Amino acid sequence: MKPALPYGIIGSFVSADELRAAVGAARSSGLGDWETFTPYPVEGVEPPERKASAGRRSPVARAMAIAAVLCSSGAFALQEWGAHDYPLDVGGRPLNSWPAFIPITFELTVLGTALTGVVTFLILAGFPRLHHPVFSVPEFRRATQDRFFLLLRSSDLAAAKQFFAQVGAETIDEVEA
Amino acid sequence: MKIETVNERVSGMVLEWPKRRFWMFGFAGAFALLLMLTVAAGWLLFRGLGIWGINLPVAWGFAIVNFVWWIGIGHAGTFISAILFLLHQKWRTSINRFTEAMTLFAVACAGIYPLLHLGRPIYFYWLVPYPDTMGLWPQFRSPLVWDMFAVSTYATISLVFWYVGLLPDLATMRDRAKPVWVRRCYGILCLGWRGAGRHWEHYEKLYVILAGLATPLVVSVHSIVGLDFAATLLPGWHSTVFPPYFVGGAIFCGFAMVLVLVIPLRRIYGLEAFITLRHLEMMSLVMLATGWIVAYGYFTEFFTAWWSGDIFDHFTNTNRALGPYAPAFWGMMICNVAAPQILWSRRMRRTIPVLFVTALIVNLGMWLERYVIVITSLHRDFLPSAWGMYTTTRWDLMTFIGTGGLFLTLLFLFVRFLPAIAMSEMRRQVAEPDIQP
C-alpha cells in the first residue's frame, strides 16, 4: 500500500502584504493549486479558479436576484389570488386593491431573498464542514487571529518547502491528508 | 493598536470571564425580572385579558405602547449595522455587533406584546395564510396583517445578519479557547470557518447585499407600525405623517438605548479604546438630528389638526395638551424636544454623565410619546357618551418591567458567551486603516 500523500504544504506570514507577495510568487511559479486563509478579508489574493471567473457576477448575488423575482411575484400572486378566491366586499371597493398588497410583497421578497442568499453562501463556502485537513497543523489556529496562511497543493513537497523558504514564510508545515 | 490586541481584549471578555461578580449579580437581577414576566404572562394566560387595564374605549393600552417602544429601540441596531455600513461610516465597526444583539433582544421583547394582546395567543397562526379546513384567510389589506409579516421578517433578517457576521468571530473563539468542549461548541457554531479565500469572497458579497436588504426593511417595519395607527379613522392617528415620524422616532429612541447600554459596558469591561468618546459623540449627533424629526412630527400633527378645521382633530390635540393625560404630553415634550437640545454643545456631548442622563430621558420621553398617542386618541374619540379613562394595573407594570428583565437577561448572556465587538472587522480596520470595508 502506498503511503498517503500529504494534503499540501502550508506557510504562514505575519502581514497581508507578505501574503500578497507570496501569492504573486506562487502564481508565477506554477507549483499547482493554492489557497489562502486570513483573519480578515484580504484583497488581491484570489485563488486561481477565481481568476478565470473574474468579472462575472457573484453566484450569491445571482441567486438572490432570482429569489427576489420569484418571491415578489409569488407573494403578490398569493394576495391577488386570495382577494379573488376569497372575496371580501368592503363597501363595494375593488377586489384588485393592489396598493394594499405591496407591503407584504416587499416583506416576503426581503425574507425570501435574504434566506436564499444565506443558503447559497453556505453551499458555496461548503458549510457546515467541521473538520478540514488544515486543522491538523497546530499553528493554523492563528489563521483566525493574526497570521496569514498560504496552502500549496503541490505534489512536489521539496519544491513547495523551498518556495516558502524563499518567500520568507514564518512557519512551514506539512498538512496531513 | 495591534490586531492581537483586538483578539485578546474582545475574546478575553468571554474566555477569561472578567468582572465575574458584576456579571453574576447583574444576571441574577435580570433573571429575577424575567421570572416576574413569566408570572405576569402566566396569570394572563390563565385569567385572560381582564387583568390588564384595557377595556373599551382604550383597548390597546400598555401592550401596544410597549410593543411600539421596544420595536423602535431595535431600529438603531439595524441602522448602525446596515445603513452606516453602506455609507462607509467606519466608526460603526466597534459597536455594530452589540447593537445588532440589542435589536434582536428588543424585537423579542416587542413580539411578546401583540401575542399576549391577542387574548387567545394559541390562535396567533391564523394570521398566516395557510390552507386550513376552517375557511380562514387573512385580510391582506389590513395593516395589522402587514405588521405580522413585517415584524417576523425583521426578526428573522436581524438574526440571520447577526449570525452571518458572527461566523468569523466564532472561529476566532474556537481557536483561542483552551478547554476542548468550549472549542467544540464554538467550532460547531462557526460551521467550520477557516478564513479561506472563498469563504471571505462569498461572505463579503452576502454581507453587503444583506445590508442592502436590511436598509429598506428597517424603514418599512416602523412605517408599517405607523400605518397600524394611520390607517384607522381615529382623530390623532389618522395622519400621513405617522410612518416617517415613527421611523425617525424609532432611530432617536434606539440610539438613546444604545448609549444607555454602551456607556456602562465600555466602562465596566474597559473598552474605552474601542468605543471611544468619538463614537459616543457621533451617536449623540444622530440623536439630536432624529430628535428634530420627531419634533417636526409633533408640530405637523398640531398644524394639520388646526389647518383641517376638523373639530374632532382640534379636540384631540387640545385634549392631549390640556386634558387628563396632559402630564404625559408635557413630559414627552420636555424629554423629546427640550432635553436633547443640550447636545448642541460640544462640551456637553463629550461629558459622559450628561450624555447618559440625556439618553435615559429620551428613552422615557419616547415611551411617553407612545403612551400619549395610544391612550389619548382612544380615550376620547367622537361621541362623549363613549369616552372613558384608562389606568394600568399591577399586571401591566409587571409585564413591562418583566420584558425589561428579558432584554437584560439576553444581553448578559450575550456579553458572557459571544464576542461583543466584531473582531474580524476590527482586525481589518487596525491592520489596513485605509481600506474601505
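W17(B) counts as exposed because it has 12 C-beta neighbours inside 10 Å. The cut-offs, with C-beta atoms placed from the backbone, are 20 or more other C-beta atoms within 10 Å for buried, 12 or fewer for exposed, and in between for partly exposed. This is a predicted model, in which local features need pLDDT of at least 70, side-chain atom pairs count only at pLDDT 80 or more, and totals for chains, interfaces and linings use all residues. Residues are numbered from 1 along each chain as its sequence is written, while chains are lettered from A and ligands numbered from 1 in the order in which they are written.

**Backbone of chain B**

- W17(B) sits in the loop between α1 (3-15) and α2 of chain B; helices (H or I, at least four residues) and strands (E, at least two) are DSSP runs, numbered from the N terminus.
- Its phi is near 45 degrees, a positive value in a residue other than glycine.
- K19(B) also lies in the loop between α1 and α2 of chain B.
- Phi of K19(B) is near 55 degrees, again positive in a residue other than glycine.
- K19(B) is partly exposed, with 14 other C-beta atoms within 10 Å.
- A cis peptide bond runs from L56(B) to P57(B), with omega near 5 degrees.
- P57(B) is placed in the loop between α2 (20-47) and α3 of chain B.

- F255(B) touches A76(B), M283(B), V286(B) and M287(B), leaving aside residues up to four places away in sequence; contact requires C-beta atoms, placed from the backbone, within 7 Å.

- Chain A is divided into domain 1 (8-39 + 146-175) and domain 2 (59-125), with bounds from an automatic or database domain assignment.
- The C-alpha centres of these two domains of chain A lie 47 Å apart.
- The contact takes 49 residues from chain A and 49 residues from chain B.
- On the side of chain A that touches chain B, β2 (34-37), α3 (59-85) and α4 (102-125) of chain A each give two or more residues.
- α4(A) gives the most to that side, with 14 residues.
- The peptide bond from F127(A) to P128(A) is cis, with omega near -10 degrees.
- P128(A) lies in the loop between α4 and β3 (148-152) of chain A.

Technical notes:
Contact = placed C-beta atoms within 7 Å.
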